[in-house]
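Hi everyone, thanks for making time today. Let me put the sequence and the model on the screen, and then I'll walk you through it.

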Amino acid sequence: MARVLVVEDNPANMKLAVLLLEKAGYAVLQAKEAETGLALARAEHPDLILMDIQLPGMDGLTATRLLKNDAATAAIKIIALTAFAMKGDEENIRAAGCDGYIAKPIRYKKFLAEVETHLAGKSFSENP
Ligand code: MN
């Protein structure tokens with residue numbers, strides 16, 4: 001069973017993500033802020049991380065950079081969860097080392113398709 005870490009501070013988004021992932025058969029780890037997410041990623045080595053960009057304290061892109069610059073966690077796939085829809089955001093997300101992104105609000109089919117794609121080993125699929 002693939003294990004997915006969700007780093008998300010919004011309770012409604014977290015609840016929805018966890019529900020969808022568990023229903024799809026994934027084991028889910030949860031963190032409400034980047035620091036906890038980093039600790040869980042290092043300790044548990046999930047197969048995939050869904051990383052909210054806007055978090056209290058350290059933001060998701062900074063956390064992604066830390067994980068991708070550390071040999072112990074660099075191989076973990078990271079998908080950004082972003083409410084940003086501005087041009088240039090995808091560049092910032094890619095530059096931080098994210099393997100893809102999912103635009104919020106979460107739409108369940110797209111969400112699960114993106115998760116499955118990344119667990120299958122592909123990277124940075126189109127997801128407008
Ligand atoms: Mn947030």
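Pro105 sits in the loop between E5 and helix H5 (108–119). When I say helix or strand, I mean DSSP runs, H or I with at least four residues for helices and E with at least two for strands, numbered from the N terminus. The peptide bond leading from Lys104 into Pro105 is cis, with omega near 5°. As background, most peptide bonds are trans, and most residues other than glycine have a negative phi.

Before going on, a word on what you're looking at: this is a predicted model, where local features need pLDDT of at least 70 and side-chain atom pairs count only at pLDDT 80 or more, while totals for chains, interfaces and linings use all residues. Residues are numbered from 1 along each chain as its sequence is written, and side-chain values use heavy atoms, with hydrogens and water left out.

Back to the backbone. His45 is not a glycine, yet it has a positive phi of about 45°. You'll find His45 in the loop between helix H2 (34–44) and E3. His45 is partly exposed at a relative accessible area of 37%; here buried means under 20% relative accessible area, exposed means over 50%, and partly exposed is in between, using a 1.4 Å probe and protein chains only.

His45 is also one of the residues that Thr73 touches, along with Ala41, Arg42 and Leu67, leaving aside residues up to four places away in sequence. Contact here means heavy atoms within 4.5 Å.

How many strands form it, and in what order? There are 5 strands in an open sheet, ordered E2-E1-E3-E4-E5, and the pairing is parallel. Strand E2 (27–31) and E5 stand at the edges with a single partner strand each, so one side of each has no neighbour in the sheet. From one strand to the next, the twist averages 20°, where axes are lines fitted to C-alpha atoms, for helices over the stretch in contact, and angles run from 0 to 180 degrees between N-to-C directions.

Two strands count as paired if DSSP finds at least two bridges between them. E1 and E2 pair in the parallel sense over 5 bridges, and Arg3 stands opposite Ala27 in E2. E3 and E4 also run parallel, joined by 5 bridges, with Leu48 opposite Lys77 in E4. As for E1, 4 of its 5 residues are buried, so E1 is largely enclosed by the rest of the structure.

On to the helices. H3 lies across E3 and E4, running at about 150° to E3. The axes of H3 and H4 come within 8 Å and cross at roughly 30°. H3 and H4 are therefore roughly parallel to each other, a label for angles under 35 degrees. At that meeting point, Leu61, Thr64, Arg65 and Lys68 in H3 meet Asn92, Ile93 and Ala96 in H4.

Which residues of helix H4 (residues 89–96) are buried? They are Asp89, Ile93 and Ala96. Looking down the axis of H4, these buried residues fall within an arc of 65°, so they line one face of the helix; the arc is that of the directions from the helix axis to the C-beta atoms. Helix H3 (60–68), strand E4 (77–82) and strand E5 (100–103) are among what covers them. Glu91 and Ala95, on the other side of H4, are exposed. After H4 comes Gly97, with a positive phi near 110°.

Last, the metal. Which residues are the protein donors of the manganese ion? They are Asp9 (OD), Asp52 (OD) and Gln54 (O), lying 2.0 to 2.1 Å from it. Donors are N, O and S atoms within 2.8 Å of the metal (3.2 Å for Na, K and Ca), and water is not among the atoms, so sites may look incomplete. Asp9, in the loop between strand E1 (3–7) and helix H1 (11–23), and Asp52, in strand E3 (residues 48–52), link distant parts of the chain, 43 residues apart. Asp9 is partly exposed, with a relative accessible area of 31%, whereas Asp52 counts as buried at 3% relative accessibility.

Conventions. Parallel < 35°, antiparallel > 145°, perpendicular 65-115°, else oblique.
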